Amino acid sequence: MAKRALITGVSGQDGAYLASFLLDKGYEVYGLQTRRGSDTLWRLRYLSVLNRIQLVDGDLTDLSSLCRALDTAQPDEVYNLAAQSFVATSWAQPLLTAQVTGVGALNVLEAVRLSGCGARCYQASSSEMFGKVRETPQTESTPFHPRSPYGVAKAFAHWSTVNYRESFGLHATSGILFNHESPLRGLEFVTRKITDAVARISRGLQQELRLGNLDAQRDWGFAGDYVEAMWLMLQQEQPDDYVIATGHNTSVREFCRVAFAAVKLDYEAYVKVDPQYYRPAEVDTLQGDAGKAQRMLGWRPRVSLQQMVEMMVEADLKRVAAE
């Protein structure tokens, strides 16, 4: 009998890649769909998986809807990928971020506990929990010092997962994922903002690109690689927490250089620093050590930064040409 998985946030970047990955593994995939005014299913169409998954109405802030979703899906595995995931928005909407990203994750854990279904749970933790880093690179034992409402909410969700594992015996695992990008990244994120601007500037549709701190450094990987790590975590006999990262950090400035070079342009001629895009509390550098995941899961990233950036630029060139 095929395994069943329930994915919250199925219409997001990670949710779409994970749905495609699990379908290829022979899973029956259910996706929690939160009704919104705008079309949120374009990523599932992009990967040609929309008609292969079963959508279930629900919302992380509504425990009763989560209980009904579990009853419908009867999952072997639950992947909680839903969140208010844009760091900049978390300052403008801190309470919403706390409710969706923090308490929403607790609702998922509580729904699984109440259902008694025995599903294995994956929680999408974030490198933003490290914030003002205490050591570099960051490992599973590095203390958290979040520097945004988003990071604080993710830390709450992370420790809730640990608590449910230790208190109730849930097979609950957290993946502490560092930044991971793809052609499915939302335009509000700096990486897609850059590659979309590269496509538009190269076609004469945009004159410049305004960004904040060009010297901020992130450990950027490919989302398609990272969803495999999520699955591998839930195949382990014992639940645990794992850092998923490339082990290399890159500045926003260097990301711009690589992206503009993909269309043979010099980023310095187009990129302008705009103070309005600086964070109230900056996270200067993030660099993960995925040694534990390599040893325990056999996981390693496959797509390089250069390959990923060129993939994103190519996808945005096609999008812009089709507009």
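Lys 318 and Glu 314 both sit in helix 11, four residues apart, about one turn of the helix. Helices here are DSSP runs of H or I with at least four residues, strands are runs of E with at least two, and both are numbered from the N terminus. An α-helix has 3.6 residues a turn, so residues three or four places apart point the same way. Lys 318 forms a salt bridge with Glu 314, with the closest N and O atoms 3.7 Å apart. A salt bridge means a side-chain nitrogen of Lys or Arg within 4 Å of a carboxyl oxygen of Asp or Glu. Lys 318 is exposed at 56% relative accessible area. Glu 314 is partly exposed at 46%. The classes are buried under 20% relative accessible area, exposed over 50%, and partly exposed in between (1.4 Å probe, protein chains only).

This is a predicted model: local features need pLDDT of at least 70, side-chain atom pairs count only at pLDDT 80 or more, and totals for chains, interfaces and linings use all residues. Residues are numbered from 1 along each chain as its sequence is written, and side-chain values use heavy atoms, with hydrogens and water left out.

Asp 316 meets Arg 192 in a salt bridge of 3.0 Å, N to O. This pair links distant parts of the chain: Asp 316 in helix 11 (residues 305–322) and Arg 192 in helix 7 (residues 190–202), 124 residues apart. Asp 316 is buried, at 0% relative accessibility. Arg 192 is buried too, at 4%. Arg 192, Asp 316 and Arg 319 are linked in a network of salt bridges.

The salt-bridge count comes to 17. One of them joins Arg 120 and Glu 237 at 3.9 Å, N to O. Arg 120 lies in strand 5, Glu 237 in the loop between helix 8 (223–234) and strand 11, 117 residues apart. Arg 120 is partly exposed at 22%. Glu 237 is exposed at 60%.

Now to helix 6. Its 20 residues (149–168) should span 28 Å at 1.5 Å a residue, and the end C-alpha atoms are 28 Å apart, which agrees. The expected span is 1.5 Å times one less than the number of residues. Its buried residues include Tyr 150, Lys 154, His 158, Tyr 164 and Arg 165. What covers the buried residues of helix 6 includes helix 4 (87–92), helix 5 (94–115), strand 5 (120–126), strand 6 (172–177) and strand 11 (241–244); contact means heavy atoms within 4.5 Å. Just after helix 6, Gly 169 takes a positive phi of about 75°.
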